[in-house]
Amino acid sequence: MSLWQTIFPYILSGISVGGQYALIAIGYTMVYGILRLINFAHGDVFMVAGLSMVYLAASLPLYLAIPVMIILTVALGFTIERVAYKPLRTAPRMSVMISAIGVSYLLQNLALYITGGLNKNYPEIPWISDKITIFGATTTRVTVITPFVTIALVLILVWVINHTKIGMAMRAVSKDFETAQLMGIKINNVISITFIIGSFLAAIGSMLFFTNYPGVVPTSGGMPGLKAFVAAVFGGIGSIPGAVIGAFIIGICESLIKGLDTILMSQGVIAEQIGFATFSDAFTFILLIIILVFKPMGLFGEKQTDKV
Amino acid sequence: MKRFVALGLVLCMMAAALVGCSSGSSSSEKTVKIGVFEPQSGDNGAGGKQEILGMQYALTKTPTVEIGGETYKVELVYADNASSNDKAPSAAQTLISGGVSVVLGSYGSGVSIAAGDTFSAAKVPAIGVTCTNPQVTSGCDVYYRICFLDPFQGTVLANFAKANGATKAYCLAKQGDDYSGGLCNYFIEAFGADNCVYEQFPADTSDFSTYVTNAQNQGCNVFFAPVSTEAAAQIIKKASAQSLGMPILAGDTWDSNVILEAAKGSDLDINVTTFYQEGANPEFDNGIKAWINSDATAKSNNGGNDELAAVTAMGYDAYYVALEAVKKAGTTDPAKVLEVLPSLEYTGVTGAIAFDEIGDAKRDSAFVKKCNTTTGVWDFVTEAKAQ
Amino acid sequence: MKKDNKKNFISLVIVLVFLGIVLLLDQVIKPTDNMSMLLTVLQKGSVYALAAVSMNLLNGFTGLFSLGHAGFMLIGAYTYAMLTIPDAARADVYQYYDPAIRFSIPEVLSNGIGPAGTALGVLIAVIIAGLIACLFAYLIGLPVLKLKSDYLAIATLGFAEIIRAIFQWSKLGPLTNGSNLLKGFERTSTFKLAIGDFTLSLSTFVPVLIATICIWIIVLIKNSTYGRAFVAIRDDEIAAEAMGIDLAHHKMLSFCTSSFFAGISGAMMAMVLSIAQASNFRSAMTYEILLMVVLGGIGSISGSVIGAFLFISTSEWWLRGLDSGKWLGISAPGIFRNGFRLVVFSVIIMIVVLFFRKGIMGDKELTLEMVKAWPKNIFNWIRSIPKKIKSLFSKKEAK
């Protein structure tokens, strides 16, 4: 088997995972860009989106369930910001981060209570769950369309940020919080809209992710959330294209590492298994630490100086 | 000042909680408590709930027991070990402090191994229902079990794979899971280590597509994945989407309607080994199905239908083994119950149960079932004996 | 000065009395008693109390927001377990591997100097556990301590995950037993002392004693010049540097000290649970410890201890009824089902995080004067409730 034939399926699934991480990563990077807050609860918002889809699809037809799920997720993101982050606006950054961890803990425990801690099967969305063959690799359609959906959404978002009034306000707030306020920008609205956009993308991301991997558990959001955050740091926090590229790199690397034993063995590089798959999650963090140590602002991040 | 508000809050909570602890139930009727040490959440939550169903059904059939000439009411006391090895010891301690005479469980071997020491320290006997890893009983003097062991199950599965023409096996286990890791290990031992590819996926993995690709690229012709039902459903979906092209083999955890549901409509060939084949005892089958259908909670705990899991039958038998034990001991004192367990014999719906000197069940047969992907039920394949 | 001495003496007496009570409880309460959960809470609580205090040393006193605690506890737990599994039990524990370590420190010492050797061996293993965690912390600290607040948090979190993956790697199986659990080592349930015919059970006393000693050492560190330097760094790095405090050196010192005690608490965790397994030491564990610190008050040692014991006793004991259908005599199986305990619990935590940001103790320590003043303060607080409610409403109208 040629090298390409061997690794193509891994790259395919890596790109797909990367696309899903990208949609979550945008939520992290935008919030961090404006509030300087690692929104630990974002991964759990993603999980709740998946879970609410499970329950909604049980009672509503899909064409209703999907919009209702998106609205609920957006409402959740908005509420979290208003209830858990807004009162702490003047508090030290550590308090806000602790509040985010608290929200994450609460959402996970709520999900545990509601589901009884059991795995919930994600409803099958027709057409995108169909089986297709591409370059000799069999997979589902969602795997193939995810990167395109992601890139389309990102292009729209970048346009919004660069060419609309609210986009300008967002850029202004992320540059300088206080000056923006003095210039008459309604900070709270801008922050709310950031959370709404982030949650909206997380909702779309959850639809793609769980159609691909159809099981939702209370901890489903944890790992994808962390990886998406790492993707955001990798690309340079605050930069949307950076987050997307970071997410694709992490997705592909992760997938290749899971298959590294097989790839190397098929090429005759190693004779027996080494067990690289153990490090598929850890590798993301190794990447994170390397980038933090050598290029702390990420691939595309702006250089910032501490103001005294 | 806020500090005192917080403190006040805490004091109120403490006071409330202490009241809560002291208000125990005090009925005049004599009761014997049986601890149910099962996962009700986490990876193995679905399986644990199905195992509990067997015990609950047995309780409805036999709610009382004669101990030393007196009639005792049986009460099941539950503790959720959350499929997590670090929560298991305190869940076990909750049962022990609740005054149970004997403990049943658990589904999943890791939690049983983890809690063994707690039971041992309190001299409370535990009867494992479907924990198949040898370590459950080997290092613990109070743990007994009514199921077969992984070395046996692994051998049966390896022989079955070989008999069906498999030459190279792909084995997949979950990292840190003693059940899947153990079973894979014994399968590999029996199948031949040179012909096996063994991989472990980290906890919280949801993307199994790469593992399916690995199996295909390694040129394997059997896919052995004795993992929890939660991961199993994901593996089946991916195997079906990527046209796996080889039969899937698994152990007793896969004997669940979660698997049937996930595999329905696909073209996969799934075989499992298990403890009980539906139809072996029609009276029990019909009785428990009627009960599951009449009880909404039971039905939802069984996954929404009345398809019978082998672990439910095992749970049913375990309940009666516990009753036999307290009957024979003639007291509810756990230490006395422990003394009679080695010589206990009972014939249940899943076969004759007796313990050897380590505390393991003397069982020498397992059923092999095949998933019928068109009708969504298990078809009986063969009854395998140890060689 | 004299007053201080008197105070120290009183504290010492209180601690000794407390230890005595624990020792007594250890003898009186049998595992099958209704109250045996108290022992479980004391055991687990002391593990988490030490973990919380050591995290507080870093997050609360030095102002370094690190989320790598679970990783260091993992190192401690594994080191302790690997060093104390009796040789005879190794083959059974490492069932799929050929064990690389072929001795157990307590066993070697007890062969040499009798029963006291076991205790000494356990102690040595615990200290080595701390030292190995400390060593890892030093290596990790070199690159990450330069990072600023949230970057430091996420980098340490990442390191904890990497450590977990390394310990689960099958190639290290002969040492770590792969991803399978380690058991059979010296654990609290086997800690006993035979005096003539009478056997003294030490299963709760030992963890409580270790935690007490370690926390006492942390208090000493906090009150030393190093401790004051840590606080100075937290309050203002630039000012601290201007005062001549070597930032890098002190940050590393704080990070390593905190990890040393985290390693010891990990060893205690293994002792108490009687198993050690890498998959238990997830980032969720770090978050829980962080929430204990927040509950007790960031920057207060006594607060962290109170927070840890409250957290453990509510989640393991008092609120368990919320999961099983009956609590406080209220029976509501529909609502009080599996998981409700944790929901109630996380709501309480959110309330603390949002409305009582200082936690129970703020950054103050529990003192005798404070305890004496409690009745008065609580009375005043209750009296002020109506006023507070009134002001709450009037504030809303003003908006």
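**Local and overall features of chains A, B and C**

Residue C:F167 is part of helix α7 of chain C, which covers residues 149–168. The model is predicted, and the description below is computed from its coordinates. Within 10 Å, C:F167 has 25 C-beta neighbours, and because a residue with 20 or more such neighbours is classed as buried, C:F167 falls in that class. Leaving aside residues up to four places away in sequence, C:F167 touches C:L74, C:Y78, C:T176 and C:A278. C:S104, which is 63 residues from C:F167 along the chain, has its C-alpha atom 20 Å from that of C:F167.

Chain A contains 12 helices and 4 strands. Its radius of gyration is 20 Å, close to the 19 Å given by the globule rule for 308 residues, so chain A is as compact as a globular protein of that length. The C-alpha trace of chain A spans about 65 × 50 × 35 Å along its principal axes. Of the 308 residues in chain A, 56% count as buried. Among contacts in chain A between residues at least 6 apart in sequence, 76% join residues at least 24 apart.

Helix α9 of chain A comprises the 14 residues 222–235. At 1.5 Å a residue, α9(A) should span 20 Å, which agrees with the 20 Å between its end C-alpha atoms. In α9(A), 13 of the 14 residues are buried, so the helix is largely enclosed by the rest of the structure.

In chain B, strand β1 (residues 31–38) is mostly covered, with 7 of its 8 residues buried. Strand β1(B) pairs with strand β3 (residues 70–80) of chain B in the parallel sense over 8 bridges. In this pairing B:G35 stands opposite B:V77 of β3(B). Strand β1(B) also pairs with strand β4 (residues 102–104) of chain B, again in the parallel sense, over 3 bridges. Here B:V36 stands opposite B:L104 of β4(B). In a regular strand the side chains alternate between the two faces of the sheet.

Chain B is divided into domain 1 (31–148 + 281–355) and domain 2 (150–274 + 367–385). The C-alpha centres of domain 1 and domain 2 of chain B lie 27 Å apart. At the boundary, 20 residues of domain 1 of chain B are in contact with 20 residues of domain 2 of chain B. On the domain 1 side of this contact, α2 and α4 (109–122) of chain B each supply at least two residues. By class, the side of domain 1 of chain B that touches domain 2 has 6 nonpolar, 12 polar and 2 charged residues.

The contact between chains A and B takes 33 residues from chain A and 28 residues from chain B. Two or more residues on the chain B side are given by each of α2 (45–61), β8 (196–201), α8 (209–217) and α9 (229–241) of chain B. The largest share of the side of chain B that touches chain A comes from α8(B), with 6 residues. By class, this side of chain B has 7 nonpolar, 16 polar and 5 charged residues.

Definitions and conventions: Residues numbered from 1 in each chain as written. Chains lettered and ligands numbered in written order. Predicted model: local features only at pLDDT ≥ 70, side-chain atom pairs only at ≥ 80, totals over all residues. Contact = placed C-beta atoms within 7 Å. Nonpolar A, V, L, I, M, F, W, Y, C, P; charged D, E, K, R; others polar. Rg over C-alpha atoms; globule rule 2.2 N^0.38 Å. Buried ≥ 20, exposed ≤ 12 C-beta atoms within 10 Å, placed from the backbone. Pairing = 2+ DSSP bridges. Expected span 1.5 Å × (residues − 1). Domains from an automatic or database assignment.
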